[in-house]
Amino acid sequence: MGLSLNRNVIARFRTFAAITGSGYRRYSTYRQATIAGAFTNTVFGFLRCYVLLAAASGASGLAAGYSGAQLATFVWVGQGMLAVVLLWGWTELADRIRTGEVASDLLRPIHPVTNYLAADLGRAAYALGTRFLPPVLVGPIFFDVYLPTRWFTGPLFALSLALAVVICFGCRYLVNLTAFWLHDIRGPMMFWALSSGVLAGLYFPLRFLPEWAYLPLWLATPFPSLLQTPLDVLVERDAAGTQLGLVAVQLVWAGLILAACRLAQRRAERRLVVQGG
């Protein structure tokens with residue numbers, strides 16, 4: 001009994017790893033798009049950094065508790081994280097629902113949520129080496145950046161980034177699942193693109209908002225967990241205990257979002273109508 005269970009776990013792990021590897025290889029074929037994306041993110045990094053540094057200089061060197069060096073790190077690492085987390089642009093599941101190809105996903109011996117999550121982790125791993133590093137390496141050449149002083153900040157940031165990838169995948173998956181009911185997801189996608197950019201801390205740190213505004217966002221929505229939390233952890237904006245608390249909130253959101261994906265998937269399958277029968 002125990003041996004059979006152990007073999008089953010190993011088989012599932014190997015399947016998950018194989019799908020993750022296929023996701024990595026799939027995105028590694030788009031070399032020109034990778035170079036263009038890294039260049040674009042780097043250019044926009046200069047624009048964002050100058051704007052935020054101007055805000056800090058106008059506030060006697062500190063803006064919402066961030067120093068100029070912390071803001072520079074916030075911007076450049078955030079630019080690198082964009083492709084790793086992948087806020088926008090993923091409609092693969094919705095397209096398969098619209099064409100009916102999603103039926104083949106349901107015939108596979110692995111749950112669709114697990115299947116797409118594994119592939120997305122492979123994509124994120126590829127982006128980590130090709131889209132994350134260029135902005136992170138270019139930024140310190142031109143700006144003074146903040147380097148963490150606590151020994152655990154690096155590993156905690158890595159965990160926070162991984163959780164951000166999982167949470168963002170779950171949000172995108174839920175948006176794509178609306179195709180089961182709406183068939184055309186341009187409306188939900190537009191809402192997601194607008195809200196995620198603003199509420200995740202992409203355009204400006206959420207700490208620039210009043211406390212009564214950003215605290216409910218942090219606790220009641222998953223958006224700050226996508227970018228703001230990992231970046232705040234990295235620049236050590238808060239005390240060590242608060243750093244751990246922010247990552248704990250991310251962990252809760254990751255579990256809730258994945259559970260919501262499975263629940264929505266189960267309900268969506270009851271509505272599935274494949275063209276031709």
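Predicted model: local features only at pLDDT ≥ 70, side-chain atom pairs only at ≥ 80, totals over all residues.

Trainee: Fine. How many aromatic pairs does a search of the whole structure find?

Mentor: The search finds 16 aromatic pairs. One of them is formed by tyrosine 24 and tyrosine 126, whose ring centres are 5.5 Å apart with the planes at 90°, so the pair is edge-to-face.

Trainee: Why is that edge-to-face and not stacked?

Mentor: Planes over 60 degrees apart count as edge-to-face and planes under 30 degrees as stacked, and because the planes of tyrosine 24 and tyrosine 126 stand at 90°, the pair is edge-to-face.

Trainee: And where do those two tyrosines sit in the chain?

Mentor: Tyrosine 24 belongs to helix H1 (residues 2-28) and tyrosine 126 to helix H6 (residues 112-142), so that the pair links distant parts of the chain, 102 residues apart.

Trainee: Is tyrosine 126 buried or exposed? And what about tyrosine 24?

Mentor: Tyrosine 126 has a relative accessible area of 11% and is therefore buried, whereas tyrosine 24, with 39%, is partly exposed.

Trainee: Which rings link into a cluster?

Mentor: Phe46, Tyr50, Trp76, Phe142 and Phe143 are linked into a cluster by ring pairs. Apart from the ring pairs, arginine 237 lies over the face of tyrosine 66, at 5.3 Å from the ring centre.

Trainee: Switching to pockets: what volume does the largest one have?

Mentor: The largest pocket has a volume of about 360 Å³. It is lined by 14 residues, of which Leu82, Ala83, Leu86, Arg123 and Arg131 are the closest to its centre. Helix H2 (31-57), helix H3 (68-85) and H6 are the elements that give two or more residues to this lining, and the largest share, four residues, comes from H6.

Trainee: How does that lining divide by class?

Mentor: The lining of the largest pocket has ten nonpolar, two polar and two charged residues.

Trainee: And the second largest pocket?

Mentor: That pocket holds about 220 Å³ of space, and among the 15 residues that line it, those closest to its centre are Arg26, Glu92, Asn115, Tyr116 and Ala119. At least two lining residues each are supplied by H1, helix H4 (92-99) and H6, and by class the lining of the second largest pocket has five nonpolar, three polar and seven charged residues.

Trainee: How many cavities of 30 Å³ or more are there?

Mentor: The count comes to one cavity, with about 30 Å³ of space in the largest cavity. Its lining consists of Arg48, Phe74, Gly78, Gly201, Leu202, Leu227 and Leu231, which divide into four nonpolar, two polar and one charged residues.

Trainee: Where are they, and are they buried or exposed?

Mentor: Histidine 183 is in the loop between helix H8 (179-182) and helix H9 (186-199), and its relative accessible area of 57% makes it exposed. Glutamate 236 lies in the loop between helix H11 (228-234) and helix H12 (240-269), and at 7% relative accessibility glutamate 236 counts as buried.

Notes. Residues numbered from 1 in each chain as written. Heavy atoms only, no water. Phe/Tyr/Trp six-rings, centres within 6.5 Å; stacked < 30°, edge-to-face > 60°. Buried < 20%, exposed > 50% of the residue type's maximum accessible area, 1.4 Å probe, protein only. Lys NZ or Arg CZ within 6 Å of the ring centre and 35° of its normal. 1 Å grid on protein atoms, 1.4 Å probe; cavity = no way out; pocket = protein on both sides within 12 Å on 5 of 7 lines; lining within 4 Å. Points joined across faces, edges and corners; volume = space filled by probe spheres on them. Nonpolar A, V, L, I, M, F, W, Y, C, P; charged D, E, K, R; others polar.
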